[in-house]
Amino acid sequence: MSLKDVQRTFQPASQTELRPNGAIAMAADTTTCLIIGGGLAGLMAAVTLQRRGLHPIVLDKGYGIGGRLASRRVRSNRGNIGLFDYGAQQFTVGTPTFQSWVDDWLQQGIVRTWSQGFADATGGFRQSDHPHYCGVVSNRAIAQHLAQTLEIHQPQQVTRLDWQGEQWVAYTESAQTFSGDVALLTPPLPQTLGLLALSHIPIPDDVAPRLQIVTYAPCIAVLALLAQESAIPAPGGLYLNGEPLQWLASNSQKGISPGGYGVTLHGGPRFSQAYWEADNAAIAAHLIAAAQPWLNAPVMAHHVHRWKYSQPLQRFGDAFTQINRPGPLFLAGDAFAPEAAASTLEGAALSGLAAARAIADAYR
Ligand SMILES: Cc1cc2nc3c(=O)[nH]c(=O)nc-3n(C[C@H](O)[C@H](O)[C@H](O)COP(=O)(O)OP(=O)(O)OC[C@H]3O[C@@H](n4cnc5c(N)ncnc54)[C@H](O)[C@@H]3O)c2cc1C
């Protein structure tokens, strides 16, 4: 990004007023919202703010958009290419709010119903009350769809946030700065708290204990490209007992990987914790051996990915939280999933939407 582009991201400061009850009142001239994190929560918030007439700027440290809506290719030395969803696998819907977005994505061919349940290790089938949805092209493509109309800067890892007069200034690892009237932070909560600590932004006493107890399960993923179709039962997803494997998915049966038989292996939380520091070869060997009964074919190539924060083990309890000092700052993401969310992805979406509505209402 050129210096000119950087300068363009600086918006004139709007008039912010902190009312005695903590509510924010702001003139609605050119309100810019800095959104840190381009996962589902951040993107849905950004689209909503844009629709409400604000100017969202999304900063994400990754090269690809989507955060844990993650998909990538693995190529064998024979030239086969498998496409893998290796973060979120599928999602269910429990609220009319998220259903309306999903219906729109269904209509536009962005998502489809993958199944009404999946096989398990006993040879049975866990029938579900809800449809399980997935991206038609890939799960990352859902994020790419949302990102189409947005101003997104990446890879931009925010290392510090500073309230300067009337604006937030985000400093990034590549020595760039972005500013906005309000900030919304959507990384996994421990990363958000780390950023606030580095930025010397105090967390109010009434929310600090509830934020600090949120922890996440780690998950090591192995992306295994096979020589032929696996023996994972239709429709291509398999719940396992949790350790060392919790989930297997055939990306070819899922329909996203016509060019290669790619199986996503997700290690359980105890395995992932115990093998976190192990080398990739040892991790792959262990999980591939455990998956052998369902792989049914030699592995031609593989890739290992460590998710330090895969899914929250506890939820914060409210759909977002708001910090008003030193400036208007909102926290959202999957740790803030409301009760009604039927899946973690829906929780992230509902949290981003709730935070965006609150911001848009405050800045109307
Ligand atoms: C292995 C795995 C399997 C899963 N399976 C499922 C499933 O089947 N169903 C389901 O519903 N959910 C599943 N989930 C959970 C689901 O993926 C998440 O709940 C959801 O994607 C979280 O979205 P988010 O926007 O809250 O966070 P994220 O997607 O993590 O987005 C946060 C973004 O913040 C960025 N970021 C972090 N720090 C900074 C910084 N300092 N500066 C700039 N950017 C930063 C990150 O790069 C990231 O893109 C799974 C997750 C994993 C990892």
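Okay, let's start with a loop: P235 is in the one between β14 (216–226) and β15 (237–239). The peptide bond from A234 to P235 is cis, with omega near 5°.

Before I go on, the ground rules. This is a predicted model, so to speak of local features we need pLDDT of at least 70, and side-chain atom pairs count only at pLDDT 80 or more, while totals for chains, interfaces and linings use all residues. Residues are numbered from 1 along each chain as its sequence is written, and side-chain values use heavy atoms, with hydrogens and water left out.

Back to the backbone. There's another cis bond, from R325 to P326, again with omega near 5°. P326 is in the loop between β19 (321–323) and β20 (329–331). Then we have positive phi values: A175, not a glycine, has phi near 65°, and N296, also not a glycine, has phi near 65°. Why point these out? Because most residues other than glycine have a negative phi, and most peptide bonds are trans.

Where do those two residues sit? A175 is in the loop between β11 (167–172) and β12 (177–180), and N296 is in the loop between α9 (280–295) and β18. A175 is exposed, at 72% relative accessible area, and N296 is partly exposed, at 45%. For the cut-offs, buried is under 20% relative accessible area, exposed is over 50%, and partly exposed is in between, using a 1.4 Å probe and protein chains only.

On to the ligand. Of the 35 residues around the ligand, D60, R68, Q90, D334 and L345 come nearest; to be counted, a residue needs a heavy atom within 4 Å. α2 (40–51), β18 (299–312) and α10 (344–362) each give at least two residues to that shell. What about oxygen atoms of the ligand? One is 2.7 Å from a side-chain N or O atom of D334. A backbone N or O atom of L345 is 2.8 Å from a ligand oxygen, and for L40 the backbone distance is 3.1 Å. Taken alone, the ligand exposes 1000 Å², and the protein buries 94% of that.

Now the rings. The whole structure has 15 aromatic pairs. Rings of Phe, Tyr and Trp (its six-membered ring) pair if their centres lie within 6.5 Å; planes under 30 degrees apart are stacked, over 60 edge-to-face, and the rest tilted. F271 and Y275 have centres 4.2 Å apart and planes at 20°, so that pair is stacked. F271 is buried at 5%, while Y275 is partly exposed at 24%. Ring pairs also link F91, F98, W101, W105 and Y133 into a cluster, and both F91 and F98 are buried.

We also have charges over rings, meaning NZ of Lys or CZ of Arg within 6 Å of the ring centre and within 35 degrees of the ring normal. R160 has its charged end over the ring of Y171, 4.3 Å from the centre. R210 lies over the face of F316, at 4.1 Å.

Last stop, L248, in strand β16 (residues 245–250). L248 is buried, with a relative accessible area of 0%. Beyond four places in sequence, its contacts (heavy atoms within 4.5 Å) include I232, V263 and W294.

Technical notes
Helices (H or I, at least four residues) and strands (E, at least two) are DSSP runs, numbered from the N terminus. A polar contact is a pair of N or O atoms within 3.5 Å; within protein, one must be able to donate a hydrogen and the other to accept it, and residues adjacent in sequence count only if both atoms are side-chain atoms. Accessible areas come from the Shrake-Rupley method with a 1.4 Å probe; for residues, only the protein chains shown count as cover.
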